[in-house]
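Welcome! Please take a look at the sequence and the model, and then we can walk through some of the parts together.

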Amino acid sequence: MAEQKRIAFLVDTEGIEQVELTEPWQHVEKAGAVPRLLAPKLGQVRAFDHLTPADTFDVDVPFAHADPMDYDGVVIPGGVANSDNLRLDRDAVQFVKQHVAAGKPVAAICHGPWLLVEADVVRGKMLTSFPSLATDIRNAGGDWSDEEVRVCDMAGWTLVTSRKPDDLPAFNREALKAFGLQGL
């Protein structure tokens, strides 16, 4: 029997847009893969419903102890505070660089692509995000456009991006495809 695929969800300790974490997580589980929550440290992280504190979630692995080769794909949920802090975490940035260098797929939504900009992996890629990131993405060499979902297979790895929670149905569908999982 084939080993289950493992998908890493990269978050900071708070400010995660809850629905951008929980909906992709549920789709990954329903498709038969194992989602794992990676964060700066063990313990719990706090999600938000926009600016309102929401649920907490247990961290599975701290970034410093996570091996990108153990994961078949990465999901980067948004949330302004989450994404802004996440891109300052050297271990998270290094994780993304190694994951991408191995040619493995990444799915990032809303403000999540900030981590990709910091990891210097958007050069030559076509992507979307929350509109306030457009200039950052273009300055980092990416081709930004305002679309529900963009899938880019250029530069040896697949990148799936979306703008906001309203785009989650398309984001989840394309992320599962990129991870080689059957959709619902």
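Here is a short tour of some strands and helices.

This is a predicted model, where local features need pLDDT of at least 70, side-chain atom pairs count only at pLDDT 80 or more, and totals for chains, interfaces and linings use all residues. Residues are numbered from 1 along each chain as its sequence is written, and side-chain values use heavy atoms, leaving out hydrogens and water. Helices (H or I, at least four residues) and strands (E, at least two) are DSSP runs, numbered from the N terminus.

Let us begin with strand 12. Both of its faces are covered, with Leu159 and Thr161 buried on one side and Val160 and Ser162 buried on the other; buried means under 20% relative accessible area with a 1.4 Å probe, protein chains only. Ser162 is the bridge partner of Ile109 and also stands opposite Val149. Two strands pair if DSSP finds at least two bridges between them.

| Strands joined | Bridges | Direction |
|---|---|---|
| strand 8 and strand 12 | four bridges | parallel |
| strand 11 and strand 12 | four bridges | antiparallel |
| strand 4 and strand 5 | five bridges | antiparallel |

In the hairpin of strand 11 and strand 12, six residues lie between the strands, and Ala155 has a positive phi near 65°.

Next comes an open sheet of three strands, in the order 2-4-5 with mixed pairing. Strand 2 (14-17) and strand 5 (52-58) stand at its edges with a single partner strand each, so one side of each has no neighbour in the sheet.

Finally, helix 6 (residues 168-178) has buried residues including Leu168, Phe171 and Leu176. Gly180, with a positive phi near 75°, follows helix 6.

Methods: Buried < 20%, exposed > 50% of the residue type's maximum accessible area, 1.4 Å probe, protein only.
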